[in-house]
Amino acid sequence: MFEKLKNIYSGKKVFITGHTGFKGAWMLKTLVLLGAEVKGYALDPLTENDLFNLIDGEKICISVIADLREKDKLLKELLDFEPDFVFHLAAQPLVRLSYEIPAETFEVNALGTAYLLDAVKVLGKKCAVVLITTDKVYHNNEWIYPYRENDRLGGYDPYSASKACTELVIDSYRNSFFNAADYANHKKGIAVGRAGNVIGGGDWSKDRLIPDIVKALLLNNTITIRNPSSVRPWQHVLEPISGYLLLGAKLFEDSLKYSQAYNFGPSAEDALAVEQMLKLSIEAWGNGTFQVINEKNQVHEAGLLKLDISKVSDELKWMPKMKAAETVAFTVDWYKKFRDEPNNINEFTESQIINFLNNK
């Protein structure tokens with residue numbers, strides 16, 4: 001897959017929002033390895049150990065540090081760059097934080113996406129636009145059935161609801177300004193990638209399972225978990241990134257066919273409970289203990305969530321490469337390297353990307 005994607009993205013201009021974030025930094029590093037010219041637009045990374053800093057992100061792309069809600073600046077930066085591809089990853093991505101800043105979460109996720117599409121609307125050239133939302137856009141019935149792309153959207157918590165709103169914004173713009181019937185004039189393909197619960201090296205976010213586990217293991221502390229039986233479609237961050245890149249390539253070739261939403265997730269048997277993921281992490285690390293805590297007045301989080309990936313398998317020929325145990329081991333290997341050889345983590349990250357894309 002590496003050479004296939006390199007043939008597509010080498011020499012192309014790619015505009016990424018959220019390039020300083022966890023997923024965005026993996027996307028940035030991957031695109032640079034593929035030979036793309038990248039311009040990123042995002043807030044400052046939160047810590048010096050954020051992946052963006054560890055891969056020398058400032059040196060490998062044009063990095064614009066600004067808020068997605070600065071619509072005039074966003075417009076200028078995108079139009080000045082004249083990208084061939086746009087990948088929109090910038091967001092307020094945390095469920096628990098969305099309870100603390102609900103209005104801001106809606107503003108960043110829904111309105112911020114509208115500002116980006118306003119800029120794309122003015123761009124006077126052919127462009128493939130892939131907008132990343134989440135697996136949590138679906139109205140969650142807590143049932144065992146995997147959600148398909150045409151299932152009802154909705155959200156209990158502000159984060160999930162904000163992303164469902166984002167999807168409505170995208171659908172409206174696609175119908176109103178990027179309609180297939182008028183493609184000859186606008187020349188834009190607008191697709192959506194839905195994925196969630198990604199894990200991988202370089203994630204230090206608060207209230208996420210793997211970062212919480214690793215932080216405890218690095219300090220030899222007991223790991224605490226809130227919802228041991230909650231089931232999620234866990235996957236390594238490079239799984240959906242490879243899918244987004246493949247979708248972007250297909251969209252550039254045939255915008256009319258691929259201007260749709262696609263789920264990117266693991267195989268059905270790899271949608272595991274939190275406690276299962278925790279035990280796999282401890283096994284991969286080599287030691288560790290944990291306890292379940294019962295927080296009073298705990299905010300609502302979905303208990304069961306699975307994705308149906310048959311559409312992306314059929315139409316894009318994309319399938320996840322790693323099983324759950326491999327995914328956890330691949331992730332833990334990164335954190336062990338960071339613990340033991342922090343100065344070599346950039347090269348190790350690069351090797352993980354190349355090995356992953358060349359696998360199978």
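Guide: The model is a predicted one. A salt bridge joins Asp 151 to Arg 148, with 3.8 Å between the closest N and O atoms. Asp 151 has a relative accessible area of 18%, so this residue is buried, whereas Arg 148 is partly exposed at 45%. The structure holds 17 salt bridges, and the pair of Asp 151 and Arg 148 is one of them.

Another links Lys 73 with Glu 77, where the closest N and O atoms are 3.3 Å apart. Both residues belong to helix H5 (residues 71-81); because they are four residues apart there, about one helical turn separates them. Lys 73 counts as partly exposed, at 32% relative accessibility, while Glu 77, at 12%, counts as buried.

Glu 341 and Lys 337 also meet through their side chains in a salt bridge, at 3.1 Å from N to O. Glu 341 is partly exposed, its relative accessible area being 33%.

Two lysines are placed over aromatic rings. Lys 13 lies over the face of Phe 81, 5.4 Å from the ring centre. Lys 121 has its charged end over the ring of Phe 177, at 4.9 Å from the centre.

Next come the contacts between rings. A pair of aromatic rings is described by the distance of the centres and the angle of the planes. The count of aromatic pairs is 13. In one of them, Tyr 138 and Tyr 147 have ring centres 5.4 Å apart and planes at 10°; this angle is under 30 degrees, so the pair is stacked. Both Tyr 138 and Tyr 147 are buried. For Trp 204 and Phe 338, the centres are 5.3 Å apart and the planes stand at 55°, so this pair is tilted. The pair links distant parts of the chain, 134 residues apart: Trp 204 is in the loop between strand E7 (198-199) and helix H10 (209-218), and Phe 338 is in helix H15 (residues 324-340). Trp 204 is buried, at 17% relative accessible area, and Phe 338 counts as buried at 12%. Tyr 9, Phe 85, Phe 87 and Phe 252 form one aromatic cluster.

On the surface, Trp 143, Ile 144 and Tyr 145 make up a nonpolar patch, with about 350 Å² of accessible area together. Ile 144 lies in the loop between strand E5 (127-132) and helix H8 (158-176) and is exposed, with a relative accessible area of 57%.

Terms used: Residues are numbered from 1 along each chain as its sequence is written. This is a predicted model: local features need pLDDT of at least 70, side-chain atom pairs count only at pLDDT 80 or more; totals for chains, interfaces and linings use all residues. Side-chain values use heavy atoms; hydrogens and water are left out. Rings of Phe, Tyr and Trp (its six-membered ring) pair if their centres lie within 6.5 Å; planes under 30 degrees apart count as stacked, over 60 as edge-to-face and the rest as tilted. Buried means under 20% relative accessible area, exposed over 50%, partly exposed in between (1.4 Å probe, protein chains only). Helices (H or I, at least four residues) and strands (E, at least two) are DSSP runs, numbered from the N terminus. A charge sits over a ring if NZ of Lys or CZ of Arg is within 6 Å of the ring centre and within 35 degrees of the ring normal. Patches are made of residues with over 30% relative accessible area and no salt bridge: like charges are joined within 9 Å, nonpolar side chains (Val, Leu, Ile, Met, Phe, Trp, Tyr) within 5 Å. Accessible areas come from the Shrake-Rupley method with a 1.4 Å probe; for residues, only the protein chains shown count as cover. A salt bridge is a side-chain nitrogen of Lys or Arg within 4 Å of a carboxyl oxygen of Asp or Glu.
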